[in-house]
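Reader: Could you walk me through the charged pairs in this protein, taking one part closely and then its surroundings? I would like the cut-offs spelled out as you go.

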Amino acid sequence: MTKTFHAPTRTKSFFDTEYGMHATIGQCDIDGHWWCRYHDSDSGGLVERRDWPAAKFGSGSLGEQLATEHARSLTRN
């Protein structure tokens with residue numbers, strides 16, 4: 001089964017210039033879940049991904065808060 005990537009309606013990025021990494025959070029425009037992707041800024045390679053399903057965390061501020069806190073912890077922002 002192939003997973004389809006759904007573009008988010010909005011994103012926010014956090015940068016760690018010391019280690020050349022960045023984390024981006026966003027909300028899926030299809031089902032409302034929030035996600036965080038952590039990348040190597042130089043190569044663009046995906047280091048970590050995490051999702052907060054809307055069915056469990058809702059599509060509102062809780063998912064956004066969890067994604068933001070996770071991104072900040074990864075980038076120390």
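Author: Happy to! Asp16, Glu18 and Arg76 are linked in a network of salt bridges (a salt bridge being a side-chain nitrogen of Lys or Arg within 4 Å of a carboxyl oxygen of Asp or Glu). Please keep in mind that this is a predicted model, where local features need pLDDT of at least 70 and side-chain atom pairs count only at pLDDT 80 or more, while totals for chains, interfaces and linings use all residues. Residues are numbered from 1 along each chain as its sequence is written, and side-chain values use heavy atoms, with hydrogens and water left out.

Helices (H or I, at least four residues) and strands (E, at least two) are DSSP runs, numbered from the N terminus. Asp16 is buried, at 5% relative accessible area, whereas Arg76 is partly exposed at 49%. Here buried means under 20% relative accessible area, exposed over 50%, and partly exposed in between (1.4 Å probe, protein chains only).

In total, the structure holds 5 salt bridges. Another one joins Arg37 and Asp51, at 3.0 Å from N to O. That pair also links distant parts of the chain, with Arg37 in strand 3 and Asp51 in strand 4 (residues 46–52), 14 residues apart. Arg37 is buried, with a relative accessible area of 12%, and Asp51 is partly exposed at 31%. Glu48 and Arg50 form a salt bridge as well, their closest N and O atoms lying 4.0 Å apart. Glu48 has a relative accessible area of 26%, so it counts as partly exposed, and Arg50 is likewise partly exposed at 38%. As a general point, side chains of opposite charge can pair when their charged atoms come close.

Thr24 is buried, with a relative accessible area of 13%. Its side chain makes a polar contact with the side chain of Ser13, at 3.2 Å; such a contact is a pair of N or O atoms within 3.5 Å, where within protein one must be able to donate a hydrogen and the other to accept it, and residues adjacent in sequence count only if both atoms are side-chain atoms.
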